[in-house]
Structure formats: structure tokens, C-alpha cells
Amino acid sequence: GIDLRLYEGVYFTLAMEWQQFLSSIGHLPVQSHARIQKAFELGKTLHEGQTRKSGEPYFVHPIAVAQKLAANGADEDTIIAALLHDAVDDTPATLEDVERKFGPVVKKLIDGVTKLTASEVSGPNLNEQTETLRKIFRLMQEDPRIMVIKLFDRLHNMETAEFLNRQKQLALALETNDVYVKIADRLCMQDL
């Protein structure tokens, strides 16, 4: 049978975290909250059991990215995409699943920040990182929110880099400085 206390404990934790997150999206109309809550609950479920290098539950990262975006006035679709931005890379969820649940705009935003796999990279000298950036730039022309999500994702990854080994910290910092800082500057997002 189901241990009801454990079930209730998990539900209570989810509800408590949602209540905390809800205060982040006060700038949005109340009718947006149910759809965002659906994305919040889906993301938490999909990432259940995954942890970050810090040992924290993985879903802490998408929540942090979404909260940072919300604090900067992000719209409903952008916040939903932030909550689910790693789901396609790191869980069984597909872009088609996202589209069925949240529509084509959220699908496009998530697709824009989703990494390419080695099988999707073409050309003898191209690596996944370079091709992923090309994909982001191409899709960003259609919707600049893709790059904004990616920048806030990178910000949170930099804020939590102390849990990576020294080599990964240096690689992350170098890429951030060489690529993302310059993009933020060009987008007039110097404060970020």
C-alpha cells in the first residue's frame, strides 16, 4: 500500500515550495498562475530523484532561473519555459510533450535552450557547444526570450559553480566571459 504520511509529506513539500514560488510571480495576472503551477509541478515530478553537484534536489535550479526571470518581469511563457528548460535534456520528457501541455511558444523557447546531442552536430570540426550556440542564435532571431532564459540559466550556474571541480569551474568561467558576458552586454543587460 501507499504510505499516506510519505505521500502527504511529498505533497505538502510541493505545495509549500509552490507557495514560496507564487510570491515571485505576483506581477502576472492571477489567471496565469494555474498554468505556471502545472509547469512547476511537472518539472518537480520529472526531476524527482535527480540532484545537483551540491547535493540539492535538481529542481532547485529551474526554480532559481524562473525566479530570477520573474524578478525581471518575465511573462508567463518565459517562466514556464524556465521551469522546464532542462526537462528535455535530463528527463524522458520530449518537446512534443511540452507542446501538448503548454503550447508551441513554450516548446520553441525550451527548444532554443536545449543542448544539441553529438548525433545532431554536423561537420567534422564542429562540437556540441559551438553548434548549440549556433542553434540559440538562430532561434533567438525568432524570439529573443530564448537568449534571456539562457543568460539567467548561466547566471545561476555561475552562482553555484563552487560545487564543480576546478577544471569545470575554469571552463565554465571562460565560456561565460568569452560568450555570455558579451551577449548580455550587446543586449543592454550589463547588470546581469
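From the N terminus on, the elements of the protein run α-α-α-α-α-α-α-α-α-α. That makes ten helices and zero strands. The model is predicted.

**The whole protein**

- Of the 192 residues in the protein, 42% are buried.
- Among contacts with a separation of 6 or more, 61% are between residues 24 or more positions apart.
- The protein has an accessible surface of about 10,900 Å², and carbon and sulfur atoms account for 55% of this area.

**Aromatic rings**

- The count of aromatic pairs in the model comes to four.
- One of them joins Trp-18 and Phe-21, whose ring centres are 5.9 Å apart with 35 degrees between the planes, a tilted arrangement.
- Trp-18 and Phe-21 both belong to helix H1 (residues 4-22), and because they are three residues apart there, about one helical turn separates them.
- In general, an α-helix has 3.6 residues a turn, so residues three or four places apart point the same way.
- Both Trp-18 and Phe-21 are buried.
- Trp-18 also pairs with Phe-40, this time edge-to-face, at 5.4 Å centre to centre and 65 degrees between the planes.
- This second pair links distant parts of the chain: Trp-18 lies in helix H1 and Phe-40 in helix H2 (residues 30-46), 22 residues apart.
- Trp-18 counts as buried because its relative accessibility is 4%, and the cut-off for buried is under 20%.
- Phe-40 is buried too, with a relative accessible area of 0%.
- Ring pairs join Trp-18, Phe-21, Phe-40 and Phe-59 into a cluster.

**A charge over a ring**

- Lys-38 has its charged end over the ring of Phe-102, at 5.4 Å from the ring centre.

**Helix H9**

- Helix H9 covers residues 145-159, which is 15 residues.
- From its first C-alpha to its last, H9 reaches 21 Å, close to the 21 Å expected at 1.5 Å a residue.

Conventions
Residues numbered from 1 in each chain as written. Predicted model: local features only at pLDDT ≥ 70, side-chain atom pairs only at ≥ 80, totals over all residues. Heavy atoms only, no water. Helix = DSSP H or I, 4+ residues; strand = E, 2+ residues; numbered from the N terminus. Expected span 1.5 Å × (residues − 1). Phe/Tyr/Trp six-rings, centres within 6.5 Å; stacked < 30°, edge-to-face > 60°. Buried < 20%, exposed > 50% of the residue type's maximum accessible area, 1.4 Å probe, protein only. Lys NZ or Arg CZ within 6 Å of the ring centre and 35° of its normal. Contact = heavy atoms within 4.5 Å. Areas by Shrake-Rupley, 256 points an atom, 1.4 Å probe, with all protein chains shown as cover.
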